[in-house]
Amino acid sequence: MGCSQTEGNDLMRILALAGGIAGAAILSQYPAFSQQYMQRLAGQVDALTVVVTDFDASALASGLGREEALTQMTGTEFLEARAKDMRATFLRHARLTDNLDALRAASPMKRIAMPQRMADPATLRAAWADFEPAMPLSTPGAVTAGAGFVTGWIGVAALLSLMAAPFRRRGRQGRRQEPALRRPEPQTPPAIRKLEGVRR
C-alpha cells in the first residue's frame, strides 16, 4: 500500500511537471503574439478610419455634424439600419484606436499585463491565422514562460489533488471501519488447572 501511494505521488508530480512545461510553452508565445496582434489592430484601425473620415466629410459637405447626419438617416428601414451600423462603426473605431494607442505606448514588459487591450474577436482571429510560434529569446518571453510554468504546474497539481480527494477519503474511512483485532485470552496450563481443582 505504501509503494502504491508513492507511485501515485510520483505520477502526480510527473503530470504537474508536464502541465508546467505546457503552460510555459503556451505563455512564452504571448509577447510575439501581442506584436502580431498590434499589427493587425493597426490595419483594422486604418480601415475604420477611412470609413469614419468619409462619413464625416460627406456630412460636413452637407453642412451637418456627425450626429446630425445620423439623426437624418430615418424614414426607411434601410436608412435606419445604416445609421445603426454607422454608430456601431464609430464606437468600434474609438475603442480600437484607444487600445492601439495604449499598446503602442506600453513597453513589451508592460503589454504582458494588458490582455484586456487585445480582446477584439475579429483582430484575434486574423492575428492567430498568421501567427507562427517561435523560440522566446527576449526578456518578456522568458518572464511569460516562467509564469506559464508556475501556472501550469499549480493548475494541474490542484486538479489532480481535487480528483484524488474522494479516493483518499474513502481509504481513510475504510481504515477506521476495520474491526480491531481481539487479543487472545490467556490460557491456563492443564497442570495448574489440576492443582487448583485439588485445592478446592
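Accessible areas were computed by the Shrake-Rupley method with a 1.4 Å probe, and for residues only the protein chains shown count as cover. On this basis the protein chain exposes about 14,400 Å², of which carbon and sulfur atoms supply 62%. The structure is a predicted model, in which local features need pLDDT of at least 70 and side-chain atom pairs count only at pLDDT 80 or more, whereas totals for chains, interfaces and linings use all residues. Residues are numbered from 1 along each chain as its sequence is written, and side-chain values use heavy atoms, with hydrogens and water left out.

The protein chain contains eight helices and zero strands; helices (H or I, at least four residues) and strands (E, at least two) are DSSP runs, numbered from the N terminus. Of the 200 residues, 26% are buried (under 20% relative accessible area, with exposed over 50% and partly exposed in between; 1.4 Å probe, protein chains only). Among contacts (heavy atoms within 4.5 Å) between residues at least 6 apart in sequence, 78% join residues at least 24 apart.

Helix α6 spans residues 121-130, and T123, A126 and A127 are buried within it. Viewed down the axis of α6, the buried residues fall within an arc of 95°, so they line one face of the helix; the arc is that of the directions from the helix axis to the C-beta atoms. The cover over these buried residues includes α2 (30-61) and α4 (77-105). R125, W128 and A129 are exposed on the face turned away from the buried side of α6.

The loop between α5 (108-111) and α6 includes P115. P115 counts as partly exposed because its relative accessibility is 45%. The C-alpha atoms of P115 and S34 are separated by 8.7 Å, although these residues are 81 residues apart along the chain.
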